Amino acid sequence: MRKALFTALLPAVVTSRALAVDYASEIQPILAEHCLECHGTDEAKGGLDLSSADFAKQVLESGSPATEEIVARIRHTDPKEKMPPAKKKPLSAAEVEKIAAWIKEGARMEQHWAYRPLAATPAADERAAAARIDEMVGKKLATEGLKGSAQAEAVVLYKRLNYDLLGLPPAVEDVDKFLDAASKDLDAAYAQAIDDLMRSPHFGERWGRHWLDAARYADSDGYEKDRPRPDAWRYRDWVIGAVNADMPFDQFTIEQLAGDLLPDPTPEQIVATAFNRQTLTNTEGGTDQEQFRVEACMDRTETLGTVWLGLTVGCARCHSHKYDKITQVEYYQLYSFFNNADEVVRQAPRSMEEWKTYEAKNGAAAKQLATLQKKVDQAKAALPVKLPEWEEKVKAARAEAKATAQSFAVLLITELTSSTKWVKQPDESWKMTGKVPQRDTLTIATKPTTAPVKAIKLEIFPAGTDKKSSRNFVLSELIIEADGRVLTQHSHVADFSQAKFAAKDVNDGKDDNGWAVSGQTEKPHHLIVQLWDEVPAGKTLRVTMKHLYKQANHVPAQVRLQSSADVTPDSIAPAEVVKILNEEPKRRNPVVIQPLWDFMAKVDPDVVAATRQLEAARARLPEPPLMDVRVIADRANNPRQTRLLHRGDFLSPADEVQPAALKVLPPLPSAKPTRLDLARWLASKENPLTPRVVANQMWSKLFGEGLVTTVADFGVRGEKPSHPELLDFIARQFIELGWSRKRFLKMVMLSKTYRQSSEYRVGGIETEKDPLNRLLWRQNRLRVEGEVVRDLHLAASGLLSRKVGGPSVFPVMPPDIADLSYANNFKWATSTGEDRYRRGLYTFFKRTAPHPDLTTFDCPDANLTNVKRTVSNTPLQALTTLNSETYADAAKALAMRVLDKGTDDRSRLELAFRHCLSRKPSSSELDALGSLLNDSKKHYGKDELAAWAATTRIILNTDEFITRE
Amino acid sequence: MSPIDDTILQTRREYLTTTANGLGMMALGSMLAENGLLAAPSVTATDPLMPRKPHFPARARNCIFIFMEGAPSQLDLFDPKPKLNELHGQALPESMTKNVRFAFIKKETARLMGSNRKWARHGQSGMYFSDLLPHMAKTADEWLKIRSLHTDQFNHHPGQLVLHSGRAAFGLPTIGSWLTYGLGSESRNLPGYVVLTAGRGTSGGASLWQSGFLPSVYAGVLFRNKGEPVLNLQNPAGLPATLQRRGLDTLQVLNQERFAQYKDPEIASRIASYELAFRMQTAAPELIDLGQESPKTLEAYGVNRNDPPIKATRGGGPGQYKSFATNCLLARRLVERGVRFVSIMHASWDHHSNLDNELAYNAGMADQPIAALIRDLKERGMLEDTMVVFGSEFGRTPLGENRGGNPNVTGRDHHPFAFTMLAAGGGLKGGHVYGDTDEIGWGVTENPVDLHDFHGTMLNQFGFDHLRLTHRFQGRDFRLTDVSGRVIKEWIA
């Protein structure tokens, strides 16, 4: 008998039984709350692990001392013997008896509900599925003796759809059109409205912003220095675009987590991986780079846990999860998928549209740019691998170099071409004798050299009295070639440079700056340039001097060249590179090390070759609309081995681990899975968590609460779903609807459940039995997010710019907010024109000094993933919408918008009211506003606009306006 | 429902019926009560800042937390080390630095650096202060000096997160948030948690007064010490207070009409928030109007001092002396008005070089106002239940900083292994020195104190068992002291 029972236990999932005590709903939460902290996977005090099926096995040896002991200890009255111990949360008497009964029945353990496979349901279209939702919600209400609410009024429904789908108030004309259609056929008008609104590009802004919370999107690095990330917006545009295009969620997942690993990825798929670059970067002085690299990988792991799996895997960084059976090894297995991904910068089109236009215009040559760019990227990716060897070489060369100053000898110029006439002088210099050109390029050829050349000295002599136009010159670019090859220059030193015209500017590829000497034009000057590769003796050098500065006649009148063969330590590599090489590798943070990468890219033969090809191709084309984007890429060379980190400390690596998914879930299909395999598995039919978790996230945006209220926690300690069957149904439907966000939302929005009124039915049984509305006997009223508060005010007043996408903007902000950033290292340059009034999601988000209008309304700080915002209700919010500049602007604009409309104040007030609230005001509301307007007019006298603004601001401040009802 | 929520709800009812302006609110309040809506078990439906009782009777009610950002040198202010002066210029044995990480020091050539300060014992307790803190020295008998603090972070921002929220992680509430969450606020006209800053801007920025996973109503509110003390406090240009009031009355009519239909308690909360905002518009300017303070008080705090001609750059631009003194005085005024937690921040004390000058400038700035604050609180009988903390994210090294091997050493690097903090009032033992460090100040030799212990003891003084002041987030019961912390009984008077 015993044996038979035990065998029955073996399958992990025990389904229907008729036992008195249900493990999942009754026992597991108690164990999690009171016992597992000490009697869990890691600690198992007294050898007892209550999270393991082995425990059940023990129990089945019924009559074994262990089980008796458990029951005895939890029933004990002596505080020394009693479990849990006195310091811990005590069990109630009922809980004690439940556990005893459960043990008596055989202590059977079922799989936690969230890990169970999703039951198959027959596919249904949105409308049929909506009916199923209502059926399930209705059934549950009926069981509790509760009744659902009536459908909300048509105008409220329409406002609700607009707030939920676009985050914008509907235009008054659209409201009227809808009401007209609804009066004939509300259902049809309503369904049509959903479709119409989903086609708006603002849909992507609204639902993209939800995703950006999860992605912890921001425009700066975070931590002390918190440098701006000028390209971050490109990822935001990707999200908005993907949401607008209704990219299926499985693809949406794969591209963001592993777009770089797709076969032949498109630039857009590369941009998508910037999801992983929303982690923080610490460039504070003295930081250990490995520490923060590991930290970022952990953040990626934990974000994946929260957003897709609804699990707080973070605890398992340091120890196995006490409740959710996620071991520390499993954490690092998951982490290993990210551990081998490097942070890189890639070129991507500024936007798909711009690129398409460019490609259409420039054909195959434009297409080829991507291929050539990829080669450059690959060559650059190899630099970190080459660095140790390169570093040794440079150090050795410096050690070997003779530590003396360089001596120079005159180089003989055989030919000098220019747009004007030059004549050779006895001292081997050349002098301009012709008309002074506006701009000029000198091309100089030398006699074959008699010694090797390590450095070039360029001498420029004061212009004679005949050059009156300008005594100064600007050498915008200097190019030195040998054997038809451009030589890499470094360490430009001039005897004198005028401010902002530095010697190094002759080698930056830009014609609009350069080296100049204003203030000392009467003296001879020289510029010394070191060459990375020494040129052997016997070569002809070719020197090109460009003088293309915007001011005319800034050209030299007499020049001479000299060269040196001396190798000194300073001639080996530029000072800023040597400084980095002297720094311990771990302290070379991304900011510190950048000049080194830049220099290596200039001298590494592979990068140079690839760059040259790319530049040649680019030179034949107009400037392509490309930009740098921070993304990730797997390292191909010497991949990192992942080790478990003892207590999560990067300095305490332990055993090696291999990539794998969590054991509580179905395994990955591949034996040696990649990040791409992981992404595909996450959003597959096999993994029950992603559809449940993501469907619940979307549901929560429409109801204010998820069916699982702990949206981020589907683990044992999370809340159980209020409607388990419904949750599984919508999760399954999400898959059946092709992972389509739009179809999913439509399904929910078509339901009667969603369409209910949000009125509280006071005095009814519902308020008493279900005050929190978990059973959905009404809709919920939801205060909109901080960004949307702004959007609503600007839109209702007509100020809002409807421009979608593009770089972040800098709306008005109190000046001392940006000053709070570290060492005042950040200036907020307030945007002008329409960018002052863009939607809130485009506001530049600086992590250490975010815009107060947003944070006051609970906008998350973007340091961690966020799938559920807190909603507070504070006086600071009132002060913001009453007094802050943007909101005062909106009040005034709304006043102006209605001032010249209508026949009388009452109709104008009504219009202003409807711009904000869609519905028509009641007569008492109109009376109140009219009376305020009259009093305001008395105060302001002739300034009618001010009186109106004093009135419209009150409409904008109503609770109803910033609430989705 | 937990007892804490219960209390909120009860006091909330009282609040609505007694303190709101006008009949409308009273009517609304009683209607809510009648309809049983105030009993809706949702904290957001009530005033989350209502004062509530802690776990056990408290010794402290308010806190002024003076955060010296960047880490002042304990070896030049609080913890004299004659031996360090003796060993000046010598290297440490490799065994001591072997597994130690530094932010900037290059181990191979690092040398010990003595202090140029003069030291004396002060007060009846004979507590040491260096010559840079003559005023604070006179309040020696009020301070508990903890010399044996240590932390696990040696970079600023992570270290500051540990000091303020218990872990080098984002998204956690700061101490002020925990205390206002636990105790609410006594102030009806001002926020419960106020932040005052001076200097350059801290490494941590807004993350040092965040509320993390607690509702943002528990986040610190930044006050400025001149001009408009709170953002958006002033009405839009040309709108007088009378018209603001008139507008709010109309707003109340509109909101009440909606409430009559929807009965959503959140609407009542919104009405209350607008009323509080209106009161704050009067209360906050009154707060920063120092005209009511006597010339003697202004003099004592040094509110009108000018910056001295010291060659120092890290303490912030001109005007820091005035600004910091003003903040100290404002802190007292805030606490007087029932604000629970005042955070005074000054950046920066990160003296990697030019230590003597920089420290002289900063100490000169801080010394007189802090001493005045202690005396002032004491004279007014407020020190008893106001805890004043003087602290930083870590300390500074006995080794001189030779960044990049540079032999020109004039500063100290970050030192997490042993540093000093001070605390006064709130039932802590004045004139008491706790813990000790070795003869060069490298490590703790007696009574090591983790920052969690510090937090645990702080909470204890406010009447909280640090193990029980928790908030469940993502399946875990979080607390300020993370997974450790203990109450240090020896600190308690």
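**Helix packing in chain A**

Angles under 35 degrees count as roughly parallel, over 145 as roughly antiparallel, 65 to 115 as roughly perpendicular and the rest as oblique. In this predicted model, helix α22 (residues 689-703) and helix α23 (residues 724-736) of chain A pack at about 100°, their axes 8 Å apart; α22(A) and α23(A) are therefore roughly perpendicular to each other. Axes are lines fitted to C-alpha atoms, for helices over the stretch in contact, and angles run from 0 to 180 degrees between N-to-C directions. Helices are DSSP runs (H or I, at least four residues) numbered from the N terminus.

From α22(A), the contact (C-beta atoms, placed from the backbone, within 7 Å) includes A:P691 and A:W699; α23(A) contributes, among them, A:L727 and A:F734. The residues divide into 9 nonpolar, 1 polar and 2 charged. Ala, Val, Leu, Ile, Met, Phe, Trp, Tyr, Cys and Pro count as nonpolar, Asp, Glu, Lys and Arg as charged, and the others, Gly among them, as polar.

**Domains of chain A**

An automatic or database assignment divides chain A into domain 1 (2-111), domain 2 (126-209 + 690-769), domain 3 (248-351 + 636-682), domain 4 (409-567) and domain 5 (885-964). The centres of domain 2 and domain 4 of chain A, taken over C-alpha atoms, are separated by 72 Å.

**Contact between the chains**

Chain A gives 76 residues to the contact and chain B gives 65. On the side of chain A, 29 are nonpolar, 29 polar and 18 charged.

**Basis of the model**

Residues are numbered from 1 along each chain as its sequence is written, and chains are lettered from A and ligands numbered from 1 in the order in which they are written. Local features need pLDDT of at least 70, side-chain atom pairs count only at pLDDT 80 or more, and totals for chains, interfaces and linings use all residues.

Conventions. Contact = placed C-beta atoms within 7 Å. Helix = DSSP H or I, 4+ residues; strand = E, 2+ residues; numbered from the N terminus.
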